[in-house]
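Welcome, and take a moment to look around. The notes below walk through the inside of this protein, from its core to its cavities.

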Amino acid sequence: LHRTVGCGSVSFSTFPGLSAFMTVQLYEKYLRKDLPDRNFILRAGLDLARKDLKCVKAHALSVFVSEKGIRDFMETGILPDYPIERYDPIQPEDRFLLLCHYMKMIREHDVSLRIIKESFGNTSSRSRIWVDDRLICIHLQDISGACKVILIRDPGLLSLLNDFFRNMPEVICMSQEASMDTLQNILDEYNT
């Protein structure tokens, strides 16, 4: 649950980053009861969620996510942010509430949400790129859940990536309006 980087101004990921929206109740409910250091992991997870939520509220964020990644979460309840051996999959009613909270925060804090088009690359990957003004963090996760984190502080690459994300072509992702409509449609489909 430890992350070595701060807030990203851009998150480019195939799955929705929902860790910022986890509540005490959700952590308590889904964190495996048999973990040897459960209380420590619970506190660390909640601390991470508070820091992530503070970043959402304090920064002008751009979030790029695939529709398939959102639908995969709604189908499976798996949060690729966390190692699968540490928690039980989120139940359908909590998935819906978590995604509703995600959408509410996007609207309230002027987060730029853009859904990556399915025609662009492998949208079933569980990888993420965070970019801010100091650092690029590439989080790679294979199908088994093993993670590797690469940190890059090259100013030229930072500038190039920030320009790329600011001027994301429409062939790669939907507009903000179409992305919000798609997210609302997904919520409507799962509202049972």
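Leucine 99 touches Leu18, Ile70, Met74, Leu183, Ile186 and Leu187, leaving aside residues up to four places away in sequence; a contact here means heavy atoms within 4.5 Å. This is a predicted model, where local features need pLDDT of at least 70 and side-chain atom pairs count only at pLDDT 80 or more, while totals for chains, interfaces and linings use all residues. Residues are numbered from 1 along each chain as its sequence is written, and side-chain values use heavy atoms, with hydrogens and water left out.

**The nonpolar cores**
- A nonpolar core is a set of buried Ala, Val, Leu, Ile, Met, Phe, Trp, Tyr and Cys residues joined through side-chain atoms within 4.5 Å; buried means under 20% relative accessible area, with a 1.4 Å probe and protein chains only.
- The largest core has 39 residues, and those touching the most other members are Leu18, Met22, Leu79, Leu99, Tyr102, Leu113 and Leu183.
- At least two residues of this core come from each of α1 (24-30), α2 (38-58), β2 (62-66), α3 (67-76), α4 (92-108), β3 (112-116) and α6 (176-190).
- With seven residues, α4 gives this core its largest share.
- A second, separate core holds 12 residues, including Phe12, Ile116, Leu161 and Met168.

**A look at α6**
- Buried in α6 are Ser179, Met180, Thr182, Leu183, Ile186 and Leu187.
- Seen down the axis, these buried residues of α6 fall within an arc of 160°, so they line one face of the helix; the arc is that of the directions from the helix axis to the C-beta atoms.
- Their packing partners are α3, α4 and β3.

**The overall fold**
- The protein chain has six helices and six strands, taken as DSSP runs numbered from the N terminus (helices H or I, at least four residues; strands E, at least two).
- Along the sequence, the pattern is β-α-α-β-α-α-β-β-β-β-α-α.
- Of the chain's 192 residues, 45% count as buried.

**Cavities**
- There are two cavities of 30 Å³ or more; a cavity is a set of points on a 1 Å grid over the protein atoms alone where a 1.4 Å probe fits but cannot get out, and lining residues have an atom within 4 Å of a point.
- The largest cavity contains about 100 Å³ of space, a volume being the space filled by probe spheres set on the points.
- Among the 11 residues lining the largest cavity, Met22, Tyr27, Leu31, Tyr82 and Tyr87 are the closest to its centre.

Definitions and conventions:
Buried means under 20% relative accessible area, exposed over 50%, partly exposed in between (1.4 Å probe, protein chains only). On a 1 Å grid over the protein atoms alone, a cavity is a set of points where a 1.4 Å probe fits but cannot get out, and a pocket is an open set with protein on both sides within 12 Å along at least five of seven lines; lining residues have an atom within 4 Å of a point.
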